[in-house]
Amino acid sequence: MSLQQTISTSSSIASDAAGGTMLRGAQCRACGQRMFPARLCCVACFSRQVEPLLLGGAGKVTAFTVVRQAPPGYGGPMPYVLAMVLLGNDVHVLTHLVQHEPEAWRIGDAVLPCTLTLPGRQGDFLCHAFRPAGPPSRITGGHA
Amino acid sequence: MSAYIIGIGLTKFGRHPDISVETLAAQAVLDAVEDAGVDWRQVQEFYAAHVSQGVAAGQRVIKEIGPSGIPVVNVENCSAAGSTALREATMGIRAGEYDLAVVVGFEKMQHGILLNVHPEDSPEVAMGTTVLPMRFALMASTHRQKYGTTIEQIAGVAVKNHAHAVANPKAQYRKEMSLEEVLASRMICDPITLYQCSPTTDGAAAVVLCSEKFLRQHGDARAVKIVGSSLVSDIDEQAHNVFDLEMVGRNARALYEKAGVDPRDLDVVETHDCFSVAEILAYEQLGLCREGEGGRLIADGSTRIGGRIPVNPSGGLLAKGHPLGATGLGQIAELVMQLRGEAGSRQVAGAKLALASNMGMWSSCIHILSV
């Protein structure tokens with residue numbers, strides 16, 4: 001019997017050279033549209049000429065909610081914050097926000113990509129999340 | 001060629017633990033056929049709309065009524081299944097394929113929160129993004145930020161619709177609810193509280209639809225004309241992770257143009273208030289007010305019965321109930337009653353032109369009806 005936990009990693013995350021978290025998106029070679037997650041065809045012009053693109057850097061919270069009733073199959077901390085984060089001026093990401101108390105988040109907050117480990121059906125599941133990009137004093141350490 | 005609704009049937013929406021879903025649906029069908037004054041043997045086509053009532057559910061319903069050998073088509077389109085099936089039947093009538101069709105929607109639901117359906121082992125389940133009110137909470141977050149819409153205005157949708165449902169004997173909840181009660185109920189996804197979420201519901205609704213030719217021969221002074229019927233699917237959320245009701249606006253504008261209808265001429269509207277904020281966004285998308293003014297329509301009573309443009313006189317999904325596959329046809333049944341002047345104490349005076357906006361993941365289906 002092994003006590004080792006299975007950890008599966010979401011296909012949406014990657015690391016940059018410095019070990020920072022990046023999101024696996026795509027860009028259309030025909031029209032330049034960036035997208036997350038990657039697709040078979042461009043979400044704007046439907047071209048099949050899409051190539052992988054790593055997305056990273058600071059994003060901005062454009063909308064968020066605190067989820068206080070978990071759907072079946074979710075085994076992470078409660079409550080949790082789900083948000084829309086805008087990367088650049090074109091890529092929207094649906095994501096957890098972590099490392100702040102839920103009530104501390106504000107629309108317009110600057111955030112950086114990170115990872116979040118959640119219990120999955122087949123062991124732990126590593127997925128993308130965003131954390132505060134602000135000064136460390138604002139980070140409360142809660143809800144990590 | 002036009003299609004006309006000549007009969008409706010509606011079970012009580014609520015809990016029916018002792019009645020099978022097939023019987024529930026068959027009752028709605030038989031009531032609709034009787035209401036239309038036609039014989040079951042005249043019906044030429046049968047559409048059965050539901051979300052998760054199993055394989056060949058329509059054939060199982062027909063077995064309860066009397067198998068007559070006509071085509072049976074099962075339609076699944078999430079919560080827009082009922083209206084989507086009505087659109088299919090309308091297209092068949094307009095194409096001259098048949099002259100008399102029955103469309104029924106039905107559902108018996110499990111208790112619990114509405115979910116965005118994904119396979120059990122998908123990342124969305126582990127991430128907790130399947131919780132359906134989440135997407136409407138994000139729309140509320142955006143709308144509040146952009147236009148200053150208040151949590152009281154959003155919660156006010158539930159207050160209004162519960163007040164309307166008191167006069168609807170078919171509604172699941174027939175009790176007035178104060179703003180304080182709505183706001184104080186358990187928080188689900190900020191700012192959406194429990195009473196701002198549609199309940200899970202058992203119920204069935206049916207419509208008898210006929211061609212102009214059939215109407216001329218059969219005659220029906222209570223016939224309601226389908227002047228517009230349109231289905232579109234989502235772009236913003238699925239392509240761009242942007243949560244909004246753009247699909248509803250795109251659908252409505254194209255349909256107004258095609259049907260030659262000005263939204264200012266509408267007398268009554270049933271819209272898909274699966275979560276309170278959805279109704280406020282729909283006001284704007286359907287052109288009942290300008291963008292950003294949706295909250296004001298709740299605050300000033302414009303959408304109450306007796307107001308400028310009454311919305312959800314039935315009580316809406318929030319109070320009448322939301323039996324997924326039946327919901328779209330429940331809206332139609334309410335509007336037919338309103339246009340016939342048969343809506344009792346919730347009657348919108350002099351209603352001549354009505355609109356039903358039904359949504360599912362990820363579709364918008366709209367019908368415009370007139371007398």
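The contact draws 32 residues from chain A and 29 residues from chain B. This is a predicted model. Between them, chain A and chain B bury about 2,500 Å², and 61% of that is on carbon and sulfur atoms.

Next, the polar side. Across the interface of chain A and chain B there are 13 residue pairs in polar contact, both residues at pLDDT 80 or more. On chain A, five strands each supply at least two residues of the side that touches chain B: β6 (59-67), β7 (80-87), β8 (91-97), β9 (110-120) and β10 (123-132). Of these, β6(A) gives the most, with six residues. By class, the side of chain A that touches chain B has 20 nonpolar, nine polar and three charged residues.

How many salt bridges cross the interface of chain A and chain B? The rule finds one. A:Arg68 pairs with B:Asp190, and their closest N and O atoms are 2.7 Å apart.

The structure has one cavity of 30 Å³ or more. The volume of the largest cavity is about 50 Å³. Which residues line the largest cavity? From chain A they are A:Gln33, A:Arg34, A:Met35, A:Phe36, A:Asp90, A:Val91 and A:His92, and from chain B they are B:Ala239, B:His240 and B:Asn241. The elements giving two or more residues to this lining are β4 (34-35) and β8 of chain A, along with α9 (236-240) of chain B. By class, the lining of the largest cavity divides into four nonpolar, four polar and two charged residues.

That is where I will stop.

Notes:
Residues numbered from 1 in each chain as written. Chains lettered and ligands numbered in written order. Predicted model: local features only at pLDDT ≥ 70, side-chain atom pairs only at ≥ 80, totals over all residues. Heavy atoms only, no water. Contact = heavy atoms within 4.5 Å. Buried area = accessible area lost by both parts, 1.4 Å probe. Salt bridge = Lys/Arg side-chain N within 4 Å of Asp/Glu carboxyl O. Polar contact = N/O pair within 3.5 Å; in protein donor to acceptor, adjacent residues only side chain to side chain. Helix = DSSP H or I, 4+ residues; strand = E, 2+ residues; numbered from the N terminus. Nonpolar A, V, L, I, M, F, W, Y, C, P; charged D, E, K, R; others polar. 1 Å grid on protein atoms, 1.4 Å probe; cavity = no way out; pocket = protein on both sides within 12 Å on 5 of 7 lines; lining within 4 Å. Points joined across faces, edges and corners; volume = space filled by probe spheres on them.
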